[in-house]
Amino acid sequence: MEKESKIYIAGHRGLVGSALKRKLESKGYTNLIFRTHKELDLTNQQAVNEFFKQEKLEYVFLAAAKVGGILANSTYPAEFIYENLIWEAKISLKKGIEQTYGWYARSLKVSWCE
């Protein structure tokens, strides 16, 4: 991954995504792309397609996730897993992306940035 590579971080305001954003910025990566949930609904395939077509991304870090507290997770477990899997499916299958990393992936140890 080059310092000028176009990199999208989905979930850049969350725990994992914000840490990744800080790490990449501190290592000199200069072409980072972010969208809030209001700006880009990852469950909307047309919006995702238009975003990827417009931005011509090279790398994607999928740190976005629907999360909740203990009560929400135990009350709505199917809804949480469904939405998170939909986000991953809509992003990870995009053509033209050099690499897609999920928040759970070993690749996020950021050893390549150190």
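Me: Why is I81 called partly exposed?
Reply: The relative accessible area of I81 is 49%. Buried means under 20%, exposed over 50%, and partly exposed in between, with a 1.4 Å probe and protein chains only; I81 is therefore partly exposed. This is a predicted model, in which local features need pLDDT of at least 70 and side-chain atom pairs count only at pLDDT 80 or more, while totals for chains, interfaces and linings use all residues. Residues are numbered from 1 along each chain as its sequence is written, and side-chain values use heavy atoms, with hydrogens and water left out.

Me: Where is I81 found?
Reply: I81 lies in helix α4 (residues 77-92), helices being DSSP runs of H or I with at least four residues, and strands runs of E with at least two, numbered from the N terminus.

Me: What makes E55 buried or exposed?
Reply: E55 has a relative accessible area of 9%, so by the cut-off of under 20% E55 is buried. The residue belongs to helix α2 (residues 45-55).

Me: Which residues is E55 in contact with, leaving aside its neighbours within four places in sequence?
Reply: They are K6, I33 and R35, contact meaning heavy atoms within 4.5 Å.

Me: Which residues of α1 are buried?
Reply: G17, S18, L20 and L24 are buried in α1. They cover an arc of only 160 degrees around the axis, which puts them on the same side of α1; the arc is that of the directions from the helix axis to the C-beta atoms. On the other side, L15, R22 and S26 are exposed.
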